Structure formats: C-alpha cells, structure tokens
Amino acid sequence: MQIYRAVRLDTYKPGHVYTRHPGTRLPANVPYFVDNIWELCRPDARPSRRHAVYASPTVELALDGAAGVGQPRDGFVVGRVECQTPPKTFQLSVADARYHRDVRNLQKFVHDWLAKRHPPGSADRLALAPLFLPGVTRGEIMGLMEGNAPLREFVDKLAVMVTVWSDAPDCAAGEILFELEGDNSYILHPV
C-alpha cells in the first residue's frame with residue numbers, strides 16, 4: 001500500500017532522511033485524556049501515537065490532514081513515504097483521529113460521570129487529575145491507579161469504551177500511523 005505525507009513547503013528538503021522523533025508527541029487534535037486512555041489500551045503490536053508519524057492513503061487526504069482548516073494547501077509538499085524497513089503501522093477507521101467516535105463518546109461519559117458523582121471541589125475529582133495531564137504514559141497511569149480507587153474505577157470504565165484499536169480500518173480514507181523503531185527511517189518522494 002502506498003502512503004503519503006504532507007509537510008510544509010518551507011521545511012521540505014529533497015532527499016531528507018526522517019528518523020524517529022526524539023521526544024513525545026502530544027496530541028493537537030484530541031483531548032489529552034483521550035490520548036492517554038488510547039495509549040493505555042494500545043495493543044503492543046500497534047504504533048504509539050506518541051511516537052508515530054501520521055500519513056494518509058491518498059495525496060488529497062495528506063493535504064487535508066496537514067493543511068487543516070483555513071491554511072492554504074499550496075504551502076505544503078506531498079510525498080510518497082518510503083521507509084527503510086517496514087514499520088509498525090496502523091490505519092484508523094476515520095480520516096483523522098479527531099473524528100473517531102471514541103473522542104465524542106469518552107468526552108460525554110466523562111462529563112456525565114463527573115457531574116453525577118463528583119461535585120466541584122470533591123477530593124475524588126482531584127484523584128482523577130493525572131489522567132488529564134499531557135502525555136501520561138501507560139506505566140504512569142498503571143502506577144497512579146495503585147492505591148487510587150477513584151482513578152482505577154474511572155480508568156476501568158473508560159477503557160472498556162475504547163474502540164479505536166479494534167475498529168476495521170477505512171482502507172480508502174483512514175488516517176495511517178507508523179512508528180519508526182531503532183534506526184529505521186523514511187524519505188519522501190514528491191508527487
């Protein structure tokens with residue numbers, strides 16, 4: 001399968017070899033708590049969104065994803081992705097993670113659950129706070145749940161609602177994630 005990625009024209013360098021991003025990528029298009037629950041529930045065989053490169057199955061979708069709303073599309077270059085070795089890859093059921101039903105469903109659950117069970121100022125609300133921090137790791141969440149019954153109960157309820165990793169991919173339009181591990185790299189061939 002061919003995959004495509006768009007990059008800003010002012011940063012594009014022909015023949016550039018892209019390697020693993022050195023840090024953790026924080027989500028720009030989904031709430032932190034959703035990203036944290038997705039990372040907690042992520043099967044080991046799936047790429048981590050925290051270290052993933054985002055791509056698309058078509059040139060048009062790559063441009064749509066990179067340009068976003070209101071940015072001129074002519075400020076981007078789209079390239080076909082060629083990896084040195086096959087990376088860990090996953091395709092979503094939607095064109096962008098922000099449109100995945102988990103985002104809406106998890107947000108609604110959180111709002112309803114907190115409104116019904118934990119009034120403002122409640123100590124239990126503060127016990128849930130770590131889940132809303134940017135980039136909390138699976139290990140950190142697991143460690144924080146030990147001895148924190150409200151957080152454990154909350155996370156358990158959210159985790160059973162996650163479908164992103166089990167949905168059938170939309171091969172024609174689903175966003176593609178791939179994770180470079182070790183010394184793997186990729187280059188972009190402009191199209």
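Visitor: Two strands count as paired if DSSP finds at least two bridges between them. Over how many bridges do β1 and β4 pair?

Guide: In this predicted model, β1 and strand β4, which covers residues 76–83, pair over five bridges in the antiparallel sense. Within that pairing, Arg-5 stands opposite Gly-79 in β4.

Visitor: And β1 itself, is it mostly covered or mostly uncovered?

Guide: Strand β1, residues 4–8, is mostly covered, since four of its five residues are buried.

Visitor: Which sheet do β1 and β4 sit in?

Guide: They belong to an open sheet of four strands, arranged in the order β1-β4-β7-β2 with antiparallel pairing. At its edges stand β1 and β2, the latter being residues 18–19, and each of the two pairs on one side only.

Visitor: What joins β2 to β7?

Guide: Two bridges join β2 to strand β7, residues 185–190, and the two strands run antiparallel. Thr-19 stands opposite Ser-185 in β7.

Visitor: What holds strands together in general, by the way?

Guide: Strands of a sheet pair through backbone hydrogen bonds, in either a parallel or an antiparallel arrangement.

Visitor: How many bridges between β5 and β6?

Guide: There are four bridges between β5 and strand β6, residues 176–179, and the pairing is antiparallel. Gln-91 stands opposite Ile-176 in β6.

Visitor: Changing topic: how many aromatic pairs are there?

Guide: A search of the whole structure finds seven aromatic pairs. In one of them, the ring centres of Phe-109 and Trp-113 are 6.3 Å apart and the ring planes stand at 25°, so this pair is stacked.

Visitor: Why does 25° make it stacked?

Guide: The pair counts as stacked because planes under 30 degrees apart fall into that class, and the planes of Phe-109 and Trp-113 stand at 25°.

Visitor: Where do Phe-109 and Trp-113 lie in the chain?

Guide: Both lie in helix α3, residues 101–117, four residues apart, which is about one turn of the helix. They also belong to one aromatic cluster that includes Phe-33, Phe-132 and Phe-154.

Visitor: Is Trp-113 buried or exposed?

Guide: Trp-113 is buried, with a relative accessible area of 2%.

Visitor: What lies over the face of Tyr-99?

Guide: Arg-98 lies over that face, at 5.9 Å from the ring centre.

Visitor: Now a loop: where is Asn-148?

Guide: Asn-148 is found in the loop between α5 (138–145) and α6 (149–159). Asn-148 is buried, because its relative accessible area is 15%, and buried means under 20%. A polar atom of its side chain lies 3.1 Å from the backbone oxygen of Ala-127.

Key:
Residues numbered from 1 in each chain as written. Predicted model: local features only at pLDDT ≥ 70, side-chain atom pairs only at ≥ 80, totals over all residues. Heavy atoms only, no water. Buried < 20%, exposed > 50% of the residue type's maximum accessible area, 1.4 Å probe, protein only. Polar contact = N/O pair within 3.5 Å; in protein donor to acceptor, adjacent residues only side chain to side chain. Phe/Tyr/Trp six-rings, centres within 6.5 Å; stacked < 30°, edge-to-face > 60°. Lys NZ or Arg CZ within 6 Å of the ring centre and 35° of its normal.
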